[in-house]
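This report covers charged side chains and how they pair. Read it with the sequence and the model open.

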Amino acid sequence: MHRAVPLRVRVTLLYMLLGLVLSLLFAGAMDWFGEDYERALLESTLKGRADELATGIGLDPDTVLPRSREFSAYLRRADGSGEVPPELAAMGVGVEEVERGEEDEVHVGVFDTRVGRIYLRLDPHEIEAVEFHLERNLVIVIIAGTLLSSWLGWLLAGAVVRPVRRLADAVQELPSQPVQTRLAMSMPADELGRLARAFDDYQARLIAAEAAERQFFADASHELRTPLAVVRSATEILLEDGADIPQLAPRLSRLDRGIRELSDLVDALLRLARRRIDPPQAIELDAFLCDLVARNERVASGRVQAEVEVTGIDWHFSLPEAGLIFSCLLRRMMPSDARGTLRVTAREQQVHFQFRAETPSPPAPEHRGARPGDSGLGMTLIGRLTRQVGWTLDESRAADGIVIVSMSNGRA
């Protein structure tokens, strides 16, 4: 997988490239200026030597012209006398560079004077040594300029990236719920400030959306709870009036069970929509579980025998959410027509439910399109509410009618 290069490194590399380009341009300009200065210096030197030789020959025609490896002079008088090498004689007036085999180049100057045409050949090895020294220094300048620009780029990139990191840390520390932010107030009025304002505006839109969502669920709660209460009241009346009609009792019980489950699901949906848990409080787990189990309709009717073994354990949790979760869990563990034994035990951070049915029922068919929040008991919404509270739920079902559920309190 390709790993992106950090922003600071990329900015540093750009500064390094900029320093390299500027150093190369500077070195090229200095080399061109050096070559131009060398040419002007040689022309001035050769012209001066030609004037000196012409003056000397004019005073003394027998003046001996210098002949050496470094500097040689030749004269061709107006009458055609004088020995001049063929390669020099063919050259016109002016200063030129001439290659001398595999050796270094030499500079040749041809000048017309009053005593005749003077040919000067100069081997500028001293100037070439200075030029080599200059080129070596230019290489050092290129390397030093590149390294210096890289170091300055690293420092400047750190200064540029630091506000970005501060903004990223501020965004990362935001809670999962939308909150109003003022990130732009601590940022400069530039592109970074514009990005901070974009985060502030986004958070404001999330807050508005959450407020609209809460209002929707509040309206839905008001509109759903009223008909549910009416149906539930009517079901209770039918259960009382239908006590003398045994054929209707199972159907009315199933209707009452469905209404209760629907009420619990509406409560769970609304609590999930709030995205907020009530402040936890210290609860004596023994009394809480005993009361919860005793109010279960299957235990109250005597069809299920319950055993609660909890001694001196206090949990910190939100009472409404906990009551809803445990009630739905018990209702799903024990079918309406089931008979058996329910055993509830608790450790420091875990509650263990075990229901053993007298007549094992066939395993429930798997639901199509199972969702991540669904447990084996089919509690999708309750499973999500359990995770929102901070608990974990583990469920297993044996073939002999035993259902085991463990509830771990991660926030205790």
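Arg-39 is partly exposed, at a relative accessible area of 44%. Asp-36 is also partly exposed, at 30%. Buried means under 20% relative accessible area, exposed over 50%, and partly exposed in between (1.4 Å probe, protein chains only).

The term requires a side-chain nitrogen of Lys or Arg within 4 Å of a carboxyl oxygen of Asp or Glu. Both Arg-39 and Asp-36 sit in helix H1, 3 residues apart, about one turn of the helix. Helices (H or I, at least four residues) and strands (E, at least two) are DSSP runs, numbered from the N terminus.

## Model and conventions

This is a predicted model: local features need pLDDT of at least 70, side-chain atom pairs count only at pLDDT 80 or more, and totals for chains, interfaces and linings use all residues. Residues are numbered from 1 along each chain as its sequence is written, and side-chain values use heavy atoms, with hydrogens and water left out.

## Bridges across the chain

The structure holds 11 salt bridges. One of them joins Arg-331 and Glu-297 at 3.7 Å, N to O. Arg-331 lies in helix H8 (residues 319-333) and Glu-297 in helix H7 (residues 297-300), so the pair ties together parts 34 residues apart in sequence. Arg-331 is buried, at 9%. Glu-297 is partly exposed, at 27%.

Another bridge pairs Arg-343 with Glu-309, the closest N and O atoms being 3.2 Å apart. Arg-343 is in strand S8 (residues 340-346) and Glu-309 in strand S6, 34 residues apart, so distant parts of the chain are linked. Strand S6 spans residues 304-309. Arg-343 is partly exposed, at 38% relative accessibility. Glu-309 is partly exposed, with a relative accessible area of 38%. Leaving out residues up to four places away in sequence, Glu-309 touches Arg-343, Val-344, Thr-345 and Ala-346. Contact means heavy atoms within 4.5 Å.

## Helix H1 again

Glu-35 is placed in helix H1 (residues 7-59). At 32% relative accessibility, Glu-35 counts as partly exposed.
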